[in-house]
Every structure is written in structure tokens, then in C-alpha cells.
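Hi everyone, thanks for making time this morning. Please have the viewer open.

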Amino acid sequence: MTDDTLLDRALIRLEEAASHLQIDQDVIEKLKYPRETTKTRLLIRMDDGSRKSFLAWRCRYDDTRGPTKGGIRFHPDSNIEEVETLAFWMTFKCAVMNLPYGGGKGAVRVDPRTLSKSELERLSRAYMQAFATTVGPDRDIPAPDVYTNAMIMGWMSDEYNQITGSVTPAVITGKPIALGGSLGRNDATARGGFYLVRHLASELGLARDHTVAIQGFGNAGQFYAQLTAADGNKVVAVSDSAGAIHKADGLDVAKLIAGKNAGKRVADLAAELGATVISADDLISVEADLLVPAALEEMISVDNAGSIKAKVVLELANGPVTADADKVLTNNGVVVLPDILANAGGVTVSYFEWVQNRQGFYWDLEEIHARLKKMMEREGRAVWDIAKERDVSVRSAAYIHALGRLSTAIEAHGTQPFFAG
């Protein structure tokens, strides 16, 4: 074991990308550390009359290219290291997609499943009370993440409006449609990844009727299953936190999602779907052309990467593959479409929502899908071309692509050679 933090391990990607570019050391120095991280405790009244506190954070990692942007997660294992790392990834994700944002992230250490709806609302509003001077439509724009949703964003937006005395829908994205949310936001993460895979399918060696295994069957996993099944592909295995199921000739995605929406675990649906129950850990090793990690960070490590049989990994989760596992996959000929590109559809449509809020004019769903498709294909093609030209992994290419844009912005403020004459 080492003392490396999650952020230390993430910074390996930055250093590797920098080795391929002629950039000033000032750029690396600026991107090695977050600009600011705020920590607080949220004290709320529980339904039984008691008071309870919850640790909370908000990180603004880098704002060179624009206001910081990033989700807020409610999770019992959240910590400052995770928040800062996610904000670092978001910095590069926005740069990959050429969005006018830097990276941010927020979290509350809580299991929201243990809270009543009223307690959840009080906690959400308390978060905005604590960070009202941190966020803002021109400074830091939150969005939903793990265990948060449109209603929670609506509560936070309303609290910000009450604090500032103005109606400012652009302060938060991922809101309910009726409160200024954007059409197409609910499936944006999965749809962006779907557009990317379909655009690069021939280069990736994926047939139009390829097989798919999905690790994590929450929002992104379910929407990806719907999109890929509708396109003629077979979803052969899925997992959630309680287990996994496998069916070589394809699962009925509609029944699977209906069961999940009814509160069942995927393993509970095995008999109805004619599937075999397997352990959640065995999901990544099933026979499939495409593996889609859509759960949490570092689910694929050096210990299990060698068992992956898929030829392509699409990272819908943030940081699901460790740096050491990356090397194993590369040596085994597995192509990884990295998170900072593959799951960037979410922040891209959040950007669309922010733009619509600021101009007070809203686009129809077809326009949003068309804009997302164009951007995913454009940046996906640029990253793929860099990978081929420089003979590097797609992940390295994505970081090189993003770092080029970040360095140009940072160097525009002046670096050592300029000030040294």
C-alpha cells in the first residue's frame, strides 16, 4: 500500500499528458492544486426534533477558462480527497469539450436513503445556505451527482433565490423543467457516451449489433441500456450494489428498468428475465464486446482488470479505472474511452441549460440532441486522431487535448519566460 491519495493518482494523468507537450512549468504548478476548497458542517433539525450535523464540501479547482462547474453528491463515504479529485477531472472534462468552464465539485457525507423527504429538503437548503457566497452563475455552478436529483437542485436554486432576493435560474443546472431545467438533461451522460461509441464504432471494431455489459444500473446505466438496445445491440449483463445478472442472448431492458423503478434489485429480476445471478464483482469478466462502468471510482483495479474480456471500455462513471489497471488493459489490447470524454454529455447539456437560462430562450429536444451529438463527435474525433498521431492511449490523448486548451489559457496571463524577459 502507498500513501498516495486519489488526487495524487489522478495527477499522474496530468504529468503523463504534459510529457507530450511543450508547456511552461507554471501551467503544471497551477493545475496541481485546487484553487479553493471550503469545508463546513450542516446542522439540520430532524423529524424527531433532534439536531444532526453533516460534513460538507465545495471545491473550485480551476477557473482559468470560466466559472467552475460540477455536481453535488450525497454519499456516506464522501471526503475532501474525493471532492478535489472529482473537481480536477471536471476541469479537464470541460476543457476536452471546449466548454467555457473550469472544474468544481461538492459533496455531503450522508446516506440520503436514511432521511425522510422533509429532512432531505432541509439538508439541501442548508447546503445552499452554507455555500451561497461560493456559488453563482458567474462563479460556480452546481448540478446533480450521485444520490442527488432535479428536485434537490430545485430546492437549492430556490434557497439561493431567497438568499439573494432575485430569481437566478442559471445558478444551478439539472433543475426540473418547470423551474428552468433543460430538455435532454436526464439522459445526457448516457446519450453522450452512446453518440461517442456509435461515431467511433468502426475504429473500435464494434459491429452494429455488439454486446454490452453495464456495471452500475443507476441513471447513466439505465439510459445507456435503453439507447444501445434501441440501436440493435444486446445488453447481456448488468449489476447494481446488491448483485448482478447475466444472459448471453440479451436481457429485456424495458422489463429490467421497470423492475428497478419498482424498487427491486437486479438479482430479484433474474427469474422473470430468464437470467443467471452472478456476483457484482464478476460483472466485468462476462463475455461482451463493450463494458460500461457506470458506478463509482476505482471499481476496476490491477487486481481485476486482467479478467476483462471486452474489447472496449466506456467510462460513464468518474475514475472507474485506476492508473495501474489502465496499463493492464492497454497491454491486453483493450481500448478505454476515458471518463473526461465518455461521460462529458452530462456537463455539456448542463452548459446548454446554463446558456438557455441566461438568454431566457429554450431549445426543443431535437436541437439539444443535435448539438450534443455534434460536440461529442467533434471532440471524440479530435481525441481519437491525437491518439493515433502520437501513438498513445485514448485517455492520454484526451488529457493532451484538454491540457493544450488549459495551457493556452494559463499562458495568456503570462508565464516565467514573459516576466523574466
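Let's start with the open sheet: five strands in the order E1-E2-E4-E3-E5, with mixed pairing. E1 (36-45) and E5 (140-144) are the edge strands with a single partner strand each, so one side of each has no neighbour in the sheet. On average, neighbouring strands are turned by 25 degrees against each other, direction ignored. H3 packs on this sheet and touches E1, E2, E3 and E4, and its direction makes about 155 degrees with that of E4.

Some housekeeping before I go on. This is a predicted model, so local features need pLDDT of at least 70 and side-chain atom pairs count only at pLDDT 80 or more, while totals for chains, interfaces and linings use all residues. Residues are numbered from 1 along each chain as its sequence is written, and side-chain values use heavy atoms, with hydrogens and water left out.

As for terms, helices (H or I, at least four residues) and strands (E, at least two) are DSSP runs numbered from the N terminus. Strands pair if DSSP finds at least two bridges between them. Contact means heavy atoms within 4.5 Å. Axes are lines fitted to C-alpha atoms, for helices over the stretch in contact, and angles run from 0 to 180 degrees between N-to-C directions.

Now, strand E4. How many of the eight residues of E4 (residues 102-109) are buried? Seven are, so the strand is largely enclosed by the rest of the structure; buried means under 20% relative accessible area, exposed over 50%, and partly exposed in between, with a 1.4 Å probe and protein chains only. On one hand, E2 (residues 51-62) pairs with E4 in the antiparallel sense over six bridges, and Trp57 has Ala107 of E4 as its bridge partner. On the other, E3 (residues 68-75) pairs with E4 in the parallel sense, also over six bridges, and there Lys69 stands opposite Gly103. From E3 the chain runs through H3 (residues 80-96) to E4 in a right-handed β-α-β crossover; right-handed here means that, with the strands pointing away from the viewer, the path from the first strand over the helix to the second runs clockwise.

Next, have a look at Asn98 in the loop between H3 and E4. Asn98 has a positive phi of about 60 degrees although it is not a glycine, and is partly exposed at 38% relative accessible area. Tyr147, in the loop between E5 and helix H5 (150-164), likewise has a positive phi of about 60 degrees without being a glycine. For background, most residues other than glycine have a negative phi.

Glu119 is buried, with a relative accessible area of 8%. Leaving aside neighbours within four places in sequence, Glu119 contacts Ile44, Met46, Asp47 and Thr114. Thanks, and over to you!
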